[in-house]
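Subject: Structure for your review

Dear colleague,

Please find below the structure that I am handing over to you.

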Amino acid sequence: MSLSPMKPGFGVGVCWDVERSLFDARSMPVRMRGRDTAAGAGGAGAGSTPPGDVGSALSREGKGSPLSVSQLAARIDTALSTGIPGTISVVGEVSNFTDRTHWYFGLKDADAVVSCVMFQSAARKAKIRPGDGQSIVARGRVEFYAKSGRVSFIVDSIEPVGVGALELAFRKLCEEIRALGWFADERKRALPAFPRKIGVVTSRTGAALQDVLDTMRRRCPAVGVVLADVRVQGEGSAGEVARAIATLGARHRALGVDAILVTRGGGSMEDLWAFNEKVVAEAIVRSPIPVVAAIGHETDTTIAELVADVRAATPTQAAMRLTPDREDLARQADSMRRRLHGACARATRIYAERLRGLERRPGIARPETSLAMARERMLTAVDSLGDAVQEAMTEAGRNAEGMATRLRLNRPSARLAMLASSVERSRLRLEGAWDGVPLRARLESAMDRLRQVVQSRVVGQRKDVESAERTLEAVGPAEVLRRGFSVTLGADGRAIRSVGAVTPGDRLTTVVADGRVESVVDGSAKGPTPRRASAKKPERPQDGEPGLFA
C-alpha cells in the first residue's frame, strides 16, 4: 500500500493504490457439457454426435459455413436436454434470493453457483420460503433460455436441509464477537457534528463511491474526502479493508480525518463475506475515530455493520449521516442571525429607557440641588453628634460614681469588719441557746454519741481480727500438712533439718496431716553439705503441685 500525493478540491483527496492482481476472464479455459447437436441444426439428425464430441463437431463445422446464433442456441438446448436427465435433485445453499412474482435465486457450494428460477405456480406449492444462506434440496430441470442466453435450473419443489456453511460460520463469528462485547451499544461513539474530512474505504470503481461523493457534494462541499481504494470482495479483500481502516485511524490527525466510512454496493452473501471477517471487525473496533458502515442493501447485515459505531442502510444514507446539510446550516444560521438581531434590538431599547429614566432623576438632572441637600443633612448630623457626645459623657460620669460607691463598700477591711460582726452575733446566739439546755439532757446526748462511736470501733476491730485469723490459718502448719507436706522430728522432738542430724538407730517421728509415722534410721545417711540459708525466694512449684503456703 502506497500513499499518493494529496489532490486539492472536493473528491478524492488521498488515495492508496492497494496492490491487486488483475483477473482476466479471457484466460479461463472453456469446458462444455452435453451432446453436440450442431449436425442436426445444420442438416444432420439430432443425437448423431456423442456429447463428448460436441467440441470436435463444432470445430469441424467451424471450418465450413458459420452457424447462426439460433442454430447454436438450439444445439446448446439439445445438448442440455439430452445430456442431463429430465428431473434431477440438487443440494446447495441459497444466495441472492429475490421474489418478483417468480422466485429467483442461486444455488451454490464452495466452487460453483447455479442460477435458479421457481415459477409462481410452483412457488405457491412450496412448503418453505427459502432465504439466503439456507441449504435446500431443489428438484427440477435444466433449461437454456435462448432469448437471454442463460442456462437456468427450473425448480419444481424445494425441501430444507438446514443452515448453510456460510450462515453457520456467520452465526459462530457473531457469538464470538458478542462475547467480546463488540456489539455493545455503550461502546459505540457519537459522530462528529462538523467533520473536516471523511475517510472512505471502498473501491474507486464502485457505484457506492459515486453515491457517497455526490451526496456529500450536494449536502456540504466543505467536507473533504480521503479515499482508501481497496477491493471489496474476493480473496484478500478483508485484509485490505482492515489495513485501510487501521491506516486512516493511525494518521487521522495528520490527514484531518474525523470519521471513517466503510461501504460497498449490494451483492450475494459470498460477495459481502469480506465484511464478515473478524479482522475487519477488529479494525473497526480498534479505530480511534468513529466508523460508519453501509454494506450492501438494506436487507443485508454484516458483522462490520454490527460492530460499527453507526450502521447505514445505503451508502447515500451513510453520507447523509456523516455530512451536515448546508441548506439546513444556512437556515439555522439565518435563524440565529435573526434571533441575535432581535436580542440586540431589545437590549438597546431597554438600556435606552434606563438612560432616559436616569436623566429624569433630580440628582442627575440638577446636581447643585443634590449637593445643597447633602450639605444640610451633614450640618444637621454634626449638631446631633455634639448633643449625643455630651449626653454620653454625662451618663458615663453617673456610672463612674456608682461604681466608686460599690467599690468602697466592698473593700477588704470593710468586708472583714462585717464578717467579724456576724461571727460575734452568732457566738452570742449560740451561748444563749446552750445556756438554755439542761445538763442531764446534754450528758445523755453525749453518752449516745459515745456508744455509737465505741460500737462502730468494736465492729471494725472484729473484722480485722477475723481477717488476720483467716490469714494465719492459710499459712499455719496444719494447712501446710494438709497440702501434702510432712515434718520429721527427732527423738528430742525437734525438726530434722539435715541428714547429718541423724545417725543409724535413731528413732524418727514423721508428722503428716492425719497422724504420725514412727521410723528408725537403718543406714548411714549421706547428703549434701548443709548450706547456709540464703535470702533467695523459694522456687515456684510446678503446675499441679501444691506449694508451701498456697
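Which residues form one aromatic cluster? The cluster is made up of Phe 97, Trp 103 and Phe 105. Please bear in mind that this is a predicted model.

The aromatic cluster

Two aromatic pairs are present in the structure. In one of them, the ring centres of Phe 97 and Trp 103 are 5.5 Å apart and the planes meet at 70°, so this pair is edge-to-face. The other joins Phe 97 to Phe 105 and is tilted, with 6.1 Å from centre to centre and 35° between the planes. Phe 97 thus takes part in the pair with Trp 103 and in the pair with Phe 105.

As for burial, Phe 97 has a relative accessibility of 16% and therefore counts as buried, since the cut-off for this class is under 20%. Trp 103 is likewise buried. Phe 105 is buried too, its relative accessible area being 4%.

A further ring is found at Tyr 104, where Arg 100 lies over the face, at 4.7 Å from the ring centre.

The strands around it

Strand β3 covers residues 88-100, and strand β4 covers residues 102-108. These two strands pair in the antiparallel sense, over six bridges. One of the residues involved is Ser 95, whose bridge partner in β4 is Gly 106. The hairpin of β3 and β4 has one residue between the strands, and Thr 101 takes a positive phi near 65° there.

Strand β3 also pairs with strand β6, which spans residues 134-145. This pairing is antiparallel as well and runs over six bridges. Within it, Ser 89 stands opposite Arg 139 of β6.

The chain as a whole

The protein chain contains 17 helices and 15 strands. Of its 550 residues, 27% are buried. When contacts between residues at least 6 apart in sequence are considered, 62% join residues at least 24 apart. The chain exposes about 37000 Å², and carbon and sulfur atoms supply 56% of that area.

With kind regards

Terms used: Residues numbered from 1 in each chain as written. Predicted model: local features only at pLDDT ≥ 70, side-chain atom pairs only at ≥ 80, totals over all residues. Heavy atoms only, no water. Phe/Tyr/Trp six-rings, centres within 6.5 Å; stacked < 30°, edge-to-face > 60°. Buried < 20%, exposed > 50% of the residue type's maximum accessible area, 1.4 Å probe, protein only. Lys NZ or Arg CZ within 6 Å of the ring centre and 35° of its normal. Pairing = 2+ DSSP bridges. Helix = DSSP H or I, 4+ residues; strand = E, 2+ residues; numbered from the N terminus. Contact = heavy atoms within 4.5 Å. Areas by Shrake-Rupley, 256 points an atom, 1.4 Å probe, with all protein chains shown as cover.
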